[in-house]
Amino acid sequence: MDHIVIIGNGIAGVTAARHIRKLSDKKITIISGESEHFWSRTALMYIYMGHLKYEHTKPYEDWFWKKNRIDLVQDWVKSIDFSEKKCILESGEAIEYSQLIIATGSTTKFHGWRGQESKAVVGMVSLQDLEQIEKYAQNNDVCKNAVLVGGGLIGVELAEMLHTRKIPVTFLVREKGFWAGTLPQQSADLISREIASHGINLLHEEELAEIFSDESGKVSSVKTKSGKILPCDFLGICSGVKPNIDWLKNTPLDCDEGILVDRFLKTNQENVYAIGDCAQQREAVRERKSVEAVWYTGRMMGETVAQTICNNPTEWNPGIWFNSAKFFNIEYQTYGRVWNKPKEENSHYHWECETGKRAMDIEFSTSNRKVVGINTFGIRMKHNVWDHWLNSEKTIDFTIENLEKACFDPEFNKTPLQKIKLHFSKS
């Protein structure tokens, strides 16, 4: 019997296992040293904030796996023998595979700062990271000052987490506005104001230079490139993630930033696939990134690779880019591509309400006015509508006129939608 071995029990690996089981009777084994069971990584912050317990973040009951004949092994894979088709575990056990799916996800990206090995210097990717955050940022008695580095989605989540425990937070952001490398400047400024309104000490155009520790080896302060010395008992590294593949770099597996795969998510090794955050497309699909560390991408890759493994070869075709997040009290959605600065042949349309709690960015072709992407802040949109509009190349004029059809709750947003239309007509 074919034995499908999956390394990693995140959304990509587990989705692959579930869909392979739906399509076949193949033997399936999932290996993960992080946790015994699959849990929702997007709920990490809510465990710390007390909204959920760990057991509440498991989408499936513990009996689900046995019932569906998916074997779970809680261990770390030490190495892979590609010629013998074996995974060697840290325990010494060897597990043979017919086909292997590598879905090891992401890990925190450190940048070689002096002192980064100090205690209480932590990312926020895994359950093990959460344990370290709990240890060093348990409350404002244990942690008098926290410093966060990096202006991305992980950073704003960690800032909100620490804020709920009344821990003073200083946030170092290298751009002039929060996430300004991704968002247009006006929207980046809006998010900066939102974060600062919650008492976060947001320092723009500041970068980490050096980390200092005390006699016990625990972080005590940091120095910025501008020369500021900031005392801290906890340093959150939120400057991005990278594919978790360092342990595979000196193997026959072709790797670059991630594990290189073709359109069928195959690697250069026979019967070996890579999906999720650790996979890198040899050729990016349209304007999508070659590595996408996004929950939705992992899920869709899991569904795709399951088809191929079950004798229905299926190319990776992710469609229109989309994502969602939350910046404290402002919900964010994006469909298609809105660059921080419009591409040469494009223009931006920006609307923002007077309270600074709702906004919209649309990028569109200057020549034919076709929309290529939209960001919304505080206004929920329907995925299926924007997916259809972008695929059918609707114009900005059409989309503005028909915003109610795309809005998740048009009654709640009736006034903002009217204001957008009026503003657009005068722009």
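Arg69 and Asp25 form a salt bridge in this predicted model. Their closest N and O atoms are 3.6 Å apart. Arg69 sits in the loop between α3 (63-67) and β3 (70-73), and Asp25 in the loop between α1 and β2 (27-31), so the bridge ties together parts 44 residues apart in sequence. Arg69 is partly exposed, at 43% relative accessible area. Asp25 is exposed, at 56%.

The count of salt bridges comes to 23. Another one joins Arg114 and Glu210, with 3.4 Å between the closest N and O atoms. This pair also links distant parts of the chain, 96 residues apart: Arg114 lies in the loop between β8 (106-108) and β9, Glu210 in strand β13 (residues 208-213). Arg114 is exposed, at 64%, whereas Glu210 counts as buried, at 18%. Arg288 and Glu292 make a further salt bridge, at 2.8 Å. Arg288 is buried, with 7% relative accessibility. Glu292 is buried too, at 7%.

Next, the helices. The axes of α1 (residues 11-23) and α7 (residues 295-309) come within 7 Å and cross at roughly 35 degrees. The crossing is right-handed. Residues in the contact include Ile11, Ala12 and Leu23 of α1 and Trp295, Val305 and Ile309 of α7. The contact residues divide into 9 nonpolar, 5 polar and 2 charged.

Last, the sheet. Its 5 strands run in the order β9-β16-β10-β11-β12, open and parallel. β9 (121-122) and β12 (201-204) are the edge strands, each pairing on one side only. Strand β11 (residues 169-173) pairs with β12 over 4 bridges. Thr170 stands opposite Asn201 in β12.

How values were computed:
Residues are numbered from 1 along each chain as its sequence is written. This is a predicted model: local features need pLDDT of at least 70, side-chain atom pairs count only at pLDDT 80 or more; totals for chains, interfaces and linings use all residues. Side-chain values use heavy atoms; hydrogens and water are left out. Axes are lines fitted to C-alpha atoms, for helices over the stretch in contact, and angles run from 0 to 180 degrees between N-to-C directions. Helices (H or I, at least four residues) and strands (E, at least two) are DSSP runs, numbered from the N terminus. A crossing is left-handed if the near helix is turned anticlockwise from the far one by less than a right angle, and right-handed if clockwise. Contact means heavy atoms within 4.5 Å. Ala, Val, Leu, Ile, Met, Phe, Trp, Tyr, Cys and Pro count as nonpolar, Asp, Glu, Lys and Arg as charged, and the others, Gly among them, as polar. Two strands pair if DSSP finds at least two bridges between them. A salt bridge is a side-chain nitrogen of Lys or Arg within 4 Å of a carboxyl oxygen of Asp or Glu. Buried means under 20% relative accessible area, exposed over 50%, partly exposed in between (1.4 Å probe, protein chains only).
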